[in-house]
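Please read them alongside the coordinates.

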Amino acid sequence: MELIIQRDKAAAAALVARIVAHEVRTNPCTVLGLATGSTMEAVYAHLVRMHRETKLDFSGVRTFNLDEYVGLAPDDPNSYRHFMNEHLFKQVNIHLQNTHLPNGRAADLGAECRDYEKLMADAGGIDLQLLGIGKSGHIGFNEPLSALKSRTREKALTPTTIKQNAPFFGGEDKMPRRAITMGVGTILDARRCLLLATGEAKADIIAQAVEGPITSMVTASALQLHAKATVIVDEAAAAKLKEREYYRWIFANEPEWEGYR
Ligand code: F6R
């Protein structure tokens, strides 16, 4: 795992967007795994700007999102399909039929999850998976005790996640209790994982995920098992990490990061 510290939220999001843009330019038919949530909004704003200003081309790109709430229609303003359409898909030249999210209103949710796994496999797997981290330590909606080998499935949300996301719904009582999510095992199959976390509210959980033990209690810690996982944080989210000096040295000196400094 690599940990990269940037001075603030804007710089961290810009770095993630530049890595995604590099992937898309290098491989125009890349398969991106995408995340929603407030942390990702700045990343998508950068990608939209790069599309407008530097003609970053999404015409060959295919995408698979991590998760969707059970019970929400695609045009529901709180659905993740709606979030993706508004923040990214409608604003770049991606073909909507190449963008995929689980259908939270499928009549047979089990079949929907199996089909989603098959769609990803048929696309050749995910080249680059974007991730946020929840205060419960989740990646996707893989809440505590999610099996580290889990695949796409229905998952009940924890009280921590319900509290975290309730403001978007106007209260906890209005929020769905379940979601479809790629499993931890599904995420670990991506060829590269890129997790972005910003703000002091994420400092504790980032320290646990990166420097703590690998545990299903903090599913982001499973990224320690991945051969190419990069965690990008701002100074606020890095505050509880013990090896901050080492991580800063990596970004400042390692040749891999030369073009990004
Ligand atoms: C959303 C997702 C979640 C979020 C996480 C952080 O698709 O997979 O894991 O990335 O809950 O959300 P924010 O960025 O709103 O703090």
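1. Contacts along the chain. Among contacts in the protein chain between residues at least 6 apart in sequence, 78% join residues at least 24 apart. The model is a predicted one, and this percentage, like every other value in the note, should be read with that in mind.

2. Overall dimensions. The protein chain has a radius of gyration of 17 Å, which agrees with the value near 18 Å that a compact globule of 261 residues would have. Taken along the principal axes, the box filled by the C-alpha atoms comes to roughly 50 × 40 × 35 Å. The secondary structure of the chain consists of nine helices and 10 strands.

3. Surface and burial. Of the 261 residues in the protein chain, 56% are buried. The accessible surface of the chain is about 11,400 Å², and carbon and sulfur atoms account for 52% of that surface.

4. The nonpolar core. The largest nonpolar core contains 81 residues, and Val43, Tyr44, Leu47 and Leu195 have the most contacts inside it. Helix 1 (residues 9-26) supplies the largest share of this core, with nine residues. Which residues does Tyr44 touch, leaving aside its neighbours within four places in sequence? The contacts of Tyr44 are Leu34, Ala35, Phe83, Met84, His87, Leu88 and Leu130.

5. The ligand site. The ligand is surrounded by 15 residues, of which Thr36, Thr39, Asp67, His138 and Lys202 are the closest. In the side chain of Thr39, an N or O atom is 2.4 Å from an oxygen atom of the ligand. For the side chain of Asp67, the corresponding distance from an N or O atom to a ligand oxygen atom is 2.7 Å. Ser38 takes part through its backbone, with an N or O atom 2.9 Å from an oxygen atom of the ligand. The ligand taken alone exposes 410 Å², and the protein buries 95% of that area.

6. Thr36, one of the residues closest to the ligand. Thr36 is in the loop between strand 2 (31-34) and helix 2. Is Thr36 buried or exposed? Thr36 counts as buried because its relative accessibility is 13%, below the 20% limit. Neighbours within four places in sequence aside, Thr36 is in contact with Asn65, Asp67, Tyr80, Phe83 and Met84.

7. Arg81. This residue belongs to helix 3 (residues 80-87). With a relative accessible area of 16%, Arg81 is buried. Leaving out neighbours within four places in sequence, the contacts of Arg81 are Glu68, Pro74, Phe89, Leu96, Thr99, His100 and Leu101. Arg81 and Ser216 are 135 residues apart in sequence, and their C-alpha atoms are 27 Å apart.

8. Gly134. The loop between strand 6 and strand 7 holds Gly134, which counts as buried at 0% relative accessibility. Neighbours within four places aside, Gly134 is in contact with Gln164 and Ile205. The C-alpha atoms of Gly134 and Ala220 are separated by 9.0 Å, although the two residues are 86 apart along the chain.

9. Positive phi at Leu145. Most residues other than glycine have a negative phi. Leu145 has a phi near 80°, a positive value in a residue other than glycine. Leu145 lies in the loop between strand 6 (128-131) and strand 7 (153-156), and is exposed, with a relative accessible area of 61%. Apart from residues up to four places away in sequence, Leu145 touches Ser216 and Met217.

10. Positive phi at Lys55. What is the phi of Lys55? The angle is near 55°, again positive in a residue other than glycine. Lys55 sits in the loop between helix 2 (38-54) and strand 3 (62-65). Lys55 is exposed, with a relative accessible area of 68%.

Methods:
Residues are numbered from 1 along each chain as its sequence is written. This is a predicted model: local features need pLDDT of at least 70, side-chain atom pairs count only at pLDDT 80 or more; totals for chains, interfaces and linings use all residues. Side-chain values use heavy atoms; hydrogens and water are left out. A nonpolar core is a set of buried Ala, Val, Leu, Ile, Met, Phe, Trp, Tyr and Cys residues joined through side-chain atoms within 4.5 Å. Buried means under 20% relative accessible area, exposed over 50%, partly exposed in between (1.4 Å probe, protein chains only). Helices (H or I, at least four residues) and strands (E, at least two) are DSSP runs, numbered from the N terminus. Contact means heavy atoms within 4.5 Å. A residue is near a molecule or strand if one of its heavy atoms lies within 4 Å of it. A polar contact is a pair of N or O atoms within 3.5 Å; within protein, one must be able to donate a hydrogen and the other to accept it, and residues adjacent in sequence count only if both atoms are side-chain atoms. Accessible areas come from the Shrake-Rupley method with a 1.4 Å probe; for residues, only the protein chains shown count as cover. The radius of gyration is taken over C-alpha atoms; the globule rule is 2.2 Å times the number of residues to the power 0.38.
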